[in-house]
Amino acid sequence: MKKYRNLADYFEYRGRRFAERCTNCGACLEVCPVYPLTGLAGKDPRVVMEKITGLLKGGEVSAEAYEMVFSCNGGCDICSKACPEKLNLYSAFTSAIARIAGSGKQPPPQVYQVMPKNRYNFQRVFSALQSKPSERRWLSRAPANPRPAEIVLFAGCQATGMMHTFLETMGILDKMGVGYVALGGDELCCGTAAMLWGDLNAAQAMGEELVSNIAAFKPKKAVHFCTGCHVMCWAMLPRFMDVPFESGEVAQFLVDNLGRIPIQKRMDKLVTVHDACSVARLGSYENPRRLLQAIPGIRLVEMKHNRADSLCCGGATNTWRADISEPLRRVPLQEAEATGAQVLATTCTGCQKSFAPLERDYGFEVRSYISILAEAVGVSQEDNFKRFVGGMTVDEVLTDARRCIEASGYTADEMGPVLAEYFDRFCPGHGRRLGSM
Ligand code: SF4
Ligand code: SF4
């Protein structure tokens, strides 16, 4: 017998428990790095917390609660560490967002640009800019009665937009001689994205669809490229449904099989690691470091804030609050610069996406730890995402990607405005200002 009936039931419980225990002291928002960047700056945090707990108790949707829960970066968790009651604000805010959605009030319109199955979802757009369908070496769904596979490698939605890292992961597994089936693309979603706009029923349906597609291969283990998908399959969905396979993250899988990784190349580089909030929440921040340290010549240097104290990449907020995201992103980048490192190794696709457009303002490369490992193994792929966001104009990208766009069923006319909006929002100092549209 499961404790919760479904995802909505779980977050209802978490929200109610939070509201019962929270004293509205405001200590959490006093340390929140996002709070002073919102329209709430200067307001008494105790008043804002009263509005949020009021909403969780069934009260009205106030402007203050709406602004705060939709501005939260979704997990830096600095607030929870300051809370005398040891409360988790992230799950309470998810519960509050579900209440807002349930009241009929719409989330910020930009939220829908991360919605899976949306034709102009940014992940789907960047996948179409970088590859023809025939070049995508993964299944978008499980076929009927597939041959069993011991391991299913699941990309999650982000990795197909940041395609080179997923291809590099597959290249590393191929070199290791691991047998696996790869699933990816935004046809399948773990459901986390739907939680961002409060549709917990949709999130649950997506999670169930993912579990049944993975389970179709009767795997022993699902290896998730994205820690968000891992948390969904490992910690969230099993609260109310049976998940008939183990779930793990790719970094852990690689560490567990370190002896099988055929590292061929020495790389004399000073590298600093940015710990993603999703990785820090799992406490698995040593895995990327162990993989990097296995490469001859790599030396690690730590940023001032690292591991459980790492700073937000601005990624989640980036989706709909560019005004908040850019100042957030620059703080860890400045810390990375202060280390003197030649490379900032990211540990999450979302962080890589956040930092890559700003790389040219700093004196180091921004690369996923997977890309660094892939180079050492000899399976590097070109980082087209960074090439596009690192200074090309909209017209240059459309020309460069014309064949992939057409093969993916889009036209340059419909892609142009989506790309221009992406550049405007995510790539400060870039985009149409550089001569396009
Ligand atoms: S998770 Fe981070 S951004 Fe969100 S409320 Fe807590 S401290 Fe602020
Ligand atoms: S610090 Fe904890 S108890 Fe105080 S307002 Fe924030 S969540 Fe509530």
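Analyst: The model is predicted. A place to begin is strand β1 (residues 151–154), which is joined to strand β3 (residues 221–224) by four bridges, the two running parallel.

User: What makes β1 and β3 a pair?

Analyst: Two strands pair if DSSP finds at least two bridges between them. Four bridges join β1 to β3, so they pair. In β3, L153 has V223 as its bridge partner.

User: How do you know that β3 also pairs with strand β4 (residues 246–249)?

Analyst: The cut-off is at least two bridges, and β3 and β4 have four, in the parallel sense. The bridge partner of A222 in β4 is S247. Between these strands the chain passes from β3 through helix α12 (residues 227–236) to β4, and this β-α-β crossover is right-handed.

User: What makes α12 mostly covered?

Analyst: A residue is buried if 20 or more other C-beta atoms lie within 10 Å of its own. In α12, seven of its 10 residues are buried, namely T227, G228, C229, H230, M232, C233 and M236.

User: Why is helix α7 (residues 122–130) called largely enclosed?

Analyst: Nine of its nine residues are buried, so α7 is largely enclosed by the rest of the structure. The buried residues run from F122 to Q130, with R124 and S127 among them. They pack against α8 (156–161), α9 (163–176), α20 (384–389), α21 (394–400), α22 (402–407) and α23 (412–426).

User: Why is A336 called buried?

Analyst: The threshold is 20 or more C-beta atoms within 10 Å. A336 has 26 C-beta neighbours inside 10 Å, so it counts as buried. A336 is in helix α17 (residues 322–339). Leaving out residues up to four places away in sequence, A336 touches T272, H274, M303, A341, L344 and F364.

User: What makes strand β5 (residues 269–273) a partner of two other strands?

Analyst: With at least two bridges needed, β5 has three to strand β6 (residues 298–300), in the parallel sense. β5 also has three to strand β7 (residues 343–346), again in the parallel sense. In β6 the bridge partner of K269 is I298, and V271 stands opposite V343 in β7. Four of the five residues of β5 are buried, and the strand is mostly covered.

User: Which residues touch the most other members of the largest nonpolar core?

Analyst: This core has 137 residues, and those with the most contacts to other members are I52, V69, A96, V152, L153, F154 and L373. Helix α19 (residues 369–377) gives the largest share of the core, seven residues. As for V152, not counting residues up to four places away in sequence, it touches Y180, V181, L183, I214, F217, P219 and A222.

User: How do you know which residues surround ligand 1?

Analyst: A residue counts if its C-beta atom, placed from the backbone, lies within 6 Å of the ligand. The residues around ligand 1 are C32, V34, C72, N73, G75, C76, D77, I78, C79, L89 and Y90. Elements giving two or more residues to this shell are α5 (78–82) and α6 (89–102). The shell divides into eight nonpolar, two polar and one charged.

User: What makes up the shell around ligand 2?

Analyst: The shell around ligand 2 includes C22, C25, C28, C83 and E85. Its residues divide into eight nonpolar, three polar and one charged.

Methods
Residues numbered from 1 in each chain as written. Chains lettered and ligands numbered in written order. Predicted model: local features only at pLDDT ≥ 70, side-chain atom pairs only at ≥ 80, totals over all residues. Nonpolar A, V, L, I, M, F, W, Y, C, P; charged D, E, K, R; others polar. Core = buried A, V, L, I, M, F, W, Y, C linked by C-beta atoms within 7 Å. Buried ≥ 20, exposed ≤ 12 C-beta atoms within 10 Å, placed from the backbone. Contact = placed C-beta atoms within 7 Å. Right-handed = clockwise from strand over helix to strand, strands pointing away.
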